[in-house]
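Welcome, and thanks for taking a look at this one. Here is a short briefing to read alongside the sequence and the 3D view.

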Amino acid sequence: MQLTVNGETHDATGCAPSQTLLRFLRTRAGLCGTKEGCASGDCGACTVLLARQGEVPRSVNSCITLLGSVAGERVITVEGLAGSDGPGRHPVQAAMVDCHGSQCGFCTPGFVMSLAGLYAEGGRGDDAIRGAIAGNLCRCTGYRPILEAGRRMYGYPPAPVVPESGAPAGEVNHGEALPAGYYRPRDEAALQAALREHPDAWLVAGGTDAVLEITQQYAAPDPVVDITAVAELCAVDDANDALRIGAAVPYSMLERLFETESPPLVAMLERLGSRQIRNRGTLGGNLAGGSPIADMPPVLLAWDATVEIAGADGRRRDVAVDGFHRGYRETVLEAGEYVAAVRIPRASLTRPHRIFKLSKRFEDDISTVLLALSLDLAGDRVGEVRVAFGGMAATPVRASAVEGVLTAGTLDDRTIERACTAAAEAFTPIDDVRASAAYRRAMAAALLRRALRELREGRDLGIDAVEPLHA
Ligand SMILES: Cc1cc2nc3c(=O)[nH]c(=O)nc-3n(C[C@H](O)[C@H](O)[C@H](O)COP(=O)(O)OP(=O)(O)OC[C@H]3O[C@@H](n4cnc5c(N)ncnc54)[C@H](O)[C@@H]3O)c2cc1C
Ligand code: FES
Ligand code: FES
């Protein structure tokens with residue numbers, strides 16, 4: 001296998017299917033500018049850019065990106081940025097120096113690459129800068145000078161981000177040039193054939209959950225079947241009655257897809273992981289991982305979505321998201337089955353809805369409690385209503401007791417308080433380092449109160465509307 005980094009071809013022969021891109025860069029390509037901090041996607045020190053032909057480069061965590069999944073793409077590391085501006089520095093690097101954005105320097109290549117990703121897409125403004133670096137930690141400089149560098153980077157002579165010379169055609173590499181034991185099929189027929197041939201294969205999509213088993217628990221899966229190049233799984237089909245989203249569609253694409261359809265979802269997605277995680281993590285991986293605090297399942301529950309499941313033998317079946325989770329990290333997927341797509345009925349998407357995520361940190365943190373609510377109102381009469389929570393039980397769940405209180409009633413203060421009481425009493429969540437059970441219950445009620453009031457009043461009430469306890 002060969003890999004193109006900063007326009008130069010590197011030999012990757014003999015790499016294991018579990019090899020990460022970061023390990024390859026540092027130990028085989030001799031490119032040690034990219035750092036390893038946490039090896040779990042949390043610190044951003046390992047950030048590099050990936051680009052296919054004609055695409056804007058996107059930032060990813062190379063520590064949890066498998067080498068085989070980037071074959072055929074251009075990899076740009078911090079060493080490549082300097083070269084892209086001839087003898088000078090890339091504007092991001094110049095701005096970081098001039099703004100004193102670095103002290104010990106360990107985090108600096110990661111910040112530079114995240115800002116270079118923003119620069120490549122032309123993103124401007126404080127929100128965009130914060131969004132680009134939310135997945136990067138700095139222990140000594142502090143963020144103010146780094147934010148300032150983000151503001152000033154456009155004031156330098158422009159530089160191309162992607163090295164122009166030696167870049168490959170950028171075709172996704174599907175076959176023989178991958179590490180031995182690494183399969184990256186291009187369509188569902190080939191995926192099913194790979195799964196039949198290798199029934200014990202390790203299935204991976206973006207790898208933002210799965211690759212942690214390699215970096216934290218030293219798993220060495222072999223063979224690996226990577227679904228991120230399967231055309232059908234990467235497709236979005238906007239039919240009349242439903243929006244069908246392929247399982248391998250990453251969050252960054254969902255952000256664009258739902259820009260007008262669901263501002264509440266886009267606002268939540270901005271807080272799902274970091275830019276690097278959203279550039280890799282997929283909808284199918286979020287569902288199939290089976291986590292009770294995964295952020296998408298409650299939203300899909302509130303939208304009555306259906307999971308399309310396919311098997312190695314070609315058989316297909318549909319399962320409502322409501323019946324997809326069996327227990328803690330357990331789903332209805334049988335051996336050889338995978339999530340092919342998710343279908344969201346158009347009618348659900350047009351229902352007014354709210355999605356509130358509560359976490360200890362605003363950015364790049366997993367949920368303590370997540371509420372997704374969708375509700376039809378005719379005057380103050382409630383019609384169809386769905387209420388779903390993450391973080392309140394062993395699986396993402398619908399709150400049928402709350403739905404019962406609201407259905408066919410009047411959305412007055414009394415009903416809202418009854419619904420909030422039902423939300424607080426319906427579940428027995430766990431106590432853990434993230435939150436006590438009592439806090440989760442209080443917050444479930446508080447988030448629900450804000451969502452119901454907002455939908456009744458037809459406006460955003462802001463975070464002040466989250467009163468901790470009902471009267
Ligand atoms: C730093 C960090 C922050 C994160 N923040 C959040 C967050 O805020 N909210 C959140 O919900 N999650 C978060 N995650 C978890 C993770 O990013 C998401 O769950 C993501 O959607 C997983 O998708 P993936 O494509 O990376 O899955 P992978 O890691 O590739 O796979 C996860 C699991 O699902 C299986 N799988 C993947 N796709 C399929 C499929 N189509 N069919 C069957 N099985 C499949 C894999 O075999 C594996 O067992 C975070 C992770 C990290 C590292
Ligand atoms: S090393 Fe920390 S995110 Fe990769
Ligand atoms: S400069 Fe030291 S960690 Fe950021």
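What follows is a tour of the cores, the sheets, the ligand surroundings and some local details.

This is a predicted model, in which local features need pLDDT of at least 70 and side-chain atom pairs count only at pLDDT 80 or more, while totals for chains, interfaces and linings use all residues. Residues are numbered from 1 along each chain as its sequence is written, chains are lettered from A and ligands numbered from 1 in the order in which they are written, and side-chain values use heavy atoms, with hydrogens and water left out.

**Nonpolar cores**

- The largest nonpolar core holds 35 residues, and Phe258, Leu265, Leu300 and Ile344 have the most contacts inside it. Such a core is a set of buried Ala, Val, Leu, Ile, Met, Phe, Trp, Tyr and Cys residues joined through side-chain atoms within 4.5 Å. Buried means under 20% relative accessible area, exposed over 50%, and partly exposed in between, with a 1.4 Å probe and protein chains only.
- At least two residues of this core come from each of β10 (242-246), α9 (251-257), α10 (263-269), α12 (283-288), α13 (296-302), β11 (306-311), β15 (337-345) and β17 (369-378). Helix α13 gives the most, with five residues. Helices (H or I, at least four residues) and strands (E, at least two) are DSSP runs, numbered from the N terminus.
- Beyond its neighbours within four places in sequence, Phe258 is in contact with Leu243, Ile245, Pro263, Leu265, Val266, Trp303, Ile344 and Leu349; contact means heavy atoms within 4.5 Å.
- A second, separate core has 33 residues, including Ala399, Leu411, Ala419 and Ala451.
- As background, nonpolar side chains in soluble globular proteins tend to be buried together.

**Sheets and strands**

- Five strands make an open, antiparallel sheet in the order β9-β10-β15-β11-β12. Two strands pair if DSSP finds at least two bridges between them.
- At the edges are β9 (236-238) and β12 (316-320), each pairing on one side only.
- On average, neighbouring strands of this sheet are turned by 20° against each other, direction ignored. Axes are lines fitted to C-alpha atoms, for helices over the stretch in contact, and angles run from 0 to 180 degrees between N-to-C directions.
- Within this sheet, β10 and β15 pair in the antiparallel sense over five bridges, and Gly246 stands opposite Ala341 in β15.
- Helix α7 (residues 188-197) lies across β11, β12 and β15, and runs at about 145° to β15.
- Strand β16 (residues 353-358) has six of its six residues buried. His353, Ile355 and Lys357 point one way, while Arg354, Phe356 and Leu358 point the other way.
- β16 pairs with β17 in the antiparallel sense over six bridges; Ile355 has Ala372 in β17 as its bridge partner.

**Around ligand 1**

- Ligand 1 is surrounded by 34 residues, and the closest are Leu203, Thr208, Ala210, Tyr251 and Thr282. A residue is near a molecule or strand if one of its heavy atoms lies within 4 Å of it.
- An oxygen atom of ligand 1 is 2.4 Å from an N or O atom in the side chain of Tyr251.
- An oxygen atom of ligand 1 also lies 2.8 Å from a polar backbone atom of Gly206, and there is an oxygen atom of the ligand 2.8 Å from a polar backbone atom of Gly207.

**Backbone details**

- Most residues other than glycine have a negative phi, and most peptide bonds are trans.
- The peptide bond from Asp222 to Pro223 is cis, with omega near 0°. Pro223 is in the loop between α8 (212-217) and β8 (224-226).
- His100, although not a glycine, has a positive phi of about 55°. His100 sits in the loop between α3 (91-98) and α4 (108-121) and counts as exposed at 61% relative accessibility.
- Arg329 also has a positive phi, near 50°. Arg329 is in the loop between β13 (325-327) and β14 (330-331) and is partly exposed at 43% relative accessibility.

**A buried loop serine**

- Ser18 is in the loop between β2 (8-11) and α1 (21-28), and counts as buried because its relative accessible area is 13%.
- Not counting residues up to four places away in sequence, Ser18 touches Leu66, Ile214, Ala220 and Pro221.

Note on methods. Polar contact = N/O pair within 3.5 Å; in protein donor to acceptor, adjacent residues only side chain to side chain.
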